[in-house]
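Q: I'd like to learn how to read a model like this one. Could we go through it together, feature by feature?

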Amino acid sequence: MENKKTEAVEVEVAFPHKYNIDIPFPKEEWAQNVCRTLSADRELKEDQVHRVMIVEGTHLKVTFETTELRLLRTVVTSFFDMLLLCMNAINIFSDLKQYPIHPS
């Protein structure tokens, strides 16, 4: 009987669809808070969605990469919904009324 070795092979998933967002805030602290808040939730389909969020000065920079265009639209729309919620909280609890958000 032959002794066969099996080796694990890593398969790299291609993420052909990409979307970059650059969101300016009046204060670096707000950018940090929003980044931490939105980073708390992991992507539901981590094998199909790759998200990177960084803060550079007063800017929150977000990059989404997905395996499918439809999925990119879904995750970006969801991100903007959560971002608006964060900005509304900032608007309510801060002294600066920087982000006037009106209900649709």
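Q: Let's start with one side chain: is Phe80 buried, partly exposed or exposed?

A: Burial goes by relative accessible area: buried is under 20%, exposed is over 50%, and partly exposed is in between, with a 1.4 Å probe and protein chains only. Phe80 comes out at 32%, so Phe80 is partly exposed. Bear in mind that this is a predicted model, where local features need pLDDT of at least 70, side-chain atom pairs count only at pLDDT 80 or more, and totals for chains, interfaces and linings use all residues. Residues are numbered from 1 along each chain as its sequence is written, and side-chain values use heavy atoms, with hydrogens and water left out.

Q: How do I read a helix, say α2, and which of its residues are buried?

A: An α-helix has 3.6 residues a turn, so residues three or four places apart point the same way. Helix α2 covers residues 69-93, 25 residues in total, and reaches 36 Å from its first C-alpha to its last. That is close to the expected 36 Å, the expected span being 1.5 Å times one less than the number of residues. Its buried residues are Leu71, Leu72, Val75, Val76, Phe79, Leu83, Cys86, Met87, Ile90 and Asn91. Their cover, judged by contact (heavy atoms within 4.5 Å), includes β1 (17-24), α1 (28-39), β2 (49-56) and β3 (59-66). Arg73 also sits in α2, but Arg73 is exposed, with a relative accessible area of 56%. Arg73 and His17 are 56 residues apart in sequence, yet 9.9 Å apart in space, C-alpha to C-alpha.

Q: How many aromatic pairs are there?

A: A pair of aromatic rings is described by the distance of the centres and the angle of the planes. Rings of Phe, Tyr and Trp (its six-membered ring) pair if their centres lie within 6.5 Å; planes under 30 degrees apart count as stacked, over 60 as edge-to-face and the rest as tilted. By this rule the count is two. The rings of Phe64 and Phe79 have centres 5.4 Å apart and planes at 70 degrees, so that pair is edge-to-face. Phe64 lies in strand β3 and Phe79 in helix α2, so the pair ties together parts that are 15 residues apart in sequence. Phe79 and Phe80 make an edge-to-face pair too, because their ring centres are 6.0 Å apart and their planes at 70 degrees. Phe64, Phe79 and Phe80 form one aromatic cluster.

Q: Why do Phe64 and Phe79 count as buried?

A: Check each against the cut-off. Phe64 counts as buried because its relative accessibility is 0%. Phe79 counts as buried at 5%.

How values were computed:
Helices (H or I, at least four residues) and strands (E, at least two) are DSSP runs, numbered from the N terminus.
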